[in-house]
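Biologist: I'd like to learn how to read a model like this one. Could you walk me through it?

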Amino acid sequence: MSAATDALDPRTHGRDFCLARVRDMLRIRRFEERCAQLYGETKIRGFLHLYIGEEAVAAGVLPNLRPEDNVVATYREHGHALLRGLSMNAIMAEMYGKQEGCSRGRGGSMHLFDRASHFYGGNAIVGGGLPLAVGLALADQLGQWRDRVTVCFFGEGAVAEGAFHESMNLAALWKLPVLFVCENNLYAMGTALSRSEAQIALTVKAAGYNMPCAQVNGMHVLAVHDAARQALDQVRNQQSPLFLELHTYRFRAHSMYDAELYRDKAEVELWKQHDPIATFTAALKAAGLLQDAEVQAIDRAAQDEVEVAVTFAEAGTWEPVDQLLRDVTTPAAAAGSAP
Ligand SMILES: Cc1ncc(C[n+]2csc(CCOP(=O)(O)OP(=O)(O)O)c2C)c(N)n1
Ligand SMILES: [Mg+2]
């Protein structure tokens, strides 16, 4: 983490802006803490990957976007969906698998989707979002949507995939307006980058595709915000891609069950000292921009919103069994005969 980004003064961003970022990060944190609880109660089932510790990335990048911009994310995408404007009710109902969910209960945690807000997932396949982002940007280029950009979030584990390299190459070759946001949290499940990659400098990989690149402290919401704003201006104005590497850390297990034998507890504790919410609220208080009572009020509002979402999801409905084959294409149906 560079000293330059840590020196960012919140007063230059204004109190309202800073409070909004605290709110963004707390909404994600409280939502996910409650999801972890609900998972233990088997209300939420299947996979559940928490973003806790990484909130400054989504909270720094997404407020820079326009409503018409496209967003593509990974299976660790609850925070991105929330800050893109999907309602917490629809997200929680999706976590439960209820029809009222944003993907009608058919996607679950890893496949949140909402066309109206140009939120194109949620993708369970490592690296799977990158070609999708390139395709969206290509469609915009062909359709003359000159002002729209596509932001693609992915983990550093994706650089091991061929899809990463093909996507980076085509985006650079065809000058597509894609902001590639690599959430480098040091591990791909239990594998550190240095155990799987001959070249661990991700900037070198971007340079290999003739693509500009910047590295940012992903635990500092203002550093992320400012870097993303500059990057997005460049992508939009020059109609060409850019690679942003954000250094971040997940505080929890990879998914819900993970013995975490691949990292020391001391390392986790060290990173927790850079908790993006605690450090930012402390900086705001030190700058005289925030009182304890205000953080508590923001926090309470976030927790209330979560409880409303839980009630909504609980009251939701299951899709009738006789509807389960709707939208499912069988080989027979594809060949033109009834299944
Ligand atoms: C193509 C593919 N290979 C393997 C997996 C299994 N898998 C799920 S998550 C994961 C690690 C990805 O790590 P990273 O991209 O760094 O994202 P993070 O989980 O750290 O956010 C792997 C290998 C998968 N989902 N897709
Ligand atoms: Mg990772």
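**Reading the model, helix by helix**

Biologist: Let's start with helix 10; which of its residues are buried?

Modeller: They are Val-221, Leu-222, Ala-223, Val-224, His-225, Ala-227, Ala-228, Ala-231, Leu-232 and Val-235. Buried means 20 or more other C-beta atoms within 10 Å of the residue's own, exposed means 12 or fewer, and partly exposed is in between, with C-beta atoms placed from the backbone. Helices (H or I, at least four residues) and strands (E, at least two) are DSSP runs, numbered from the N terminus.

Biologist: And what should I know about the source?

Modeller: This is a predicted model, where local features need pLDDT of at least 70, side-chain atom pairs count only at pLDDT 80 or more, and totals for chains, interfaces and linings use all residues. Residues are numbered from 1 along each chain as its sequence is written, while chains are lettered from A and ligands numbered from 1 in the order in which they are written.

Biologist: How do I judge the length of helix 10?

Modeller: Take the expected span, 1.5 Å times one less than the number of residues. Helix 10 covers residues 221-238, 18 residues, and its first and last C-alpha atoms are 25 Å apart, close to the expected 26 Å.

Biologist: What's the general idea on phi?

Modeller: Most residues other than glycine have a negative phi. Here Lys-175 has a positive phi near 50°, and Lys-175 sits in the loop between helix 7 (162-173) and strand 3 (178-184). Leu-186 also has a positive phi, near 80°, in the loop between strand 3 and strand 4 (187-188).

Biologist: Why does Leu-186 count as partly exposed?

Modeller: Because Leu-186 has 18 C-beta neighbours inside 10 Å. Lys-175 is partly exposed too, with 13 other C-beta atoms within 10 Å.

Biologist: Now the core. Which residues have the most contacts inside the largest nonpolar core?

Modeller: In general, nonpolar side chains tend to be buried together in soluble globular proteins. A nonpolar core here is a set of buried Ala, Val, Leu, Ile, Met, Phe, Trp, Tyr and Cys residues joined through C-beta atoms within 7 Å. The largest one has 89 residues, and Ile-91, Cys-152, Leu-179, Val-181, Val-224 and Leu-244 have the most contacts inside it. Helix 10 supplies the largest share of this core, nine residues.

Biologist: What does Leu-244 touch?

Modeller: Two residues are in contact if their C-beta atoms, placed from the backbone, lie within 7 Å. Leaving out residues up to four places away in sequence, the partners of Leu-244 include Leu-179, Val-181, Ala-227, Ala-228 and Ala-231.

Biologist: Is helix 5 mostly covered or uncovered?

Modeller: Helix 5 (residues 88-96) is mostly covered, with eight of its nine residues buried, Ile-91 among them. Its cover includes helix 2 (15-40), helix 4 (78-84) and helix 13 (292-315). Just after helix 5, Gly-97 takes a positive phi of about 85°.

Biologist: Which residues come nearest to ligand 1?

Modeller: A residue is near if its C-beta atom, placed from the backbone, lies within 6 Å of the molecule. Of the 15 residues around ligand 1, the nearest are Val-126, Gly-155, Gly-157, Ala-188 and Met-189. Gly-155 lies in strand 2 (residues 150-155) and counts as buried, with 23 C-beta neighbours inside 10 Å. Among the residues Gly-155 touches is Ala-188.
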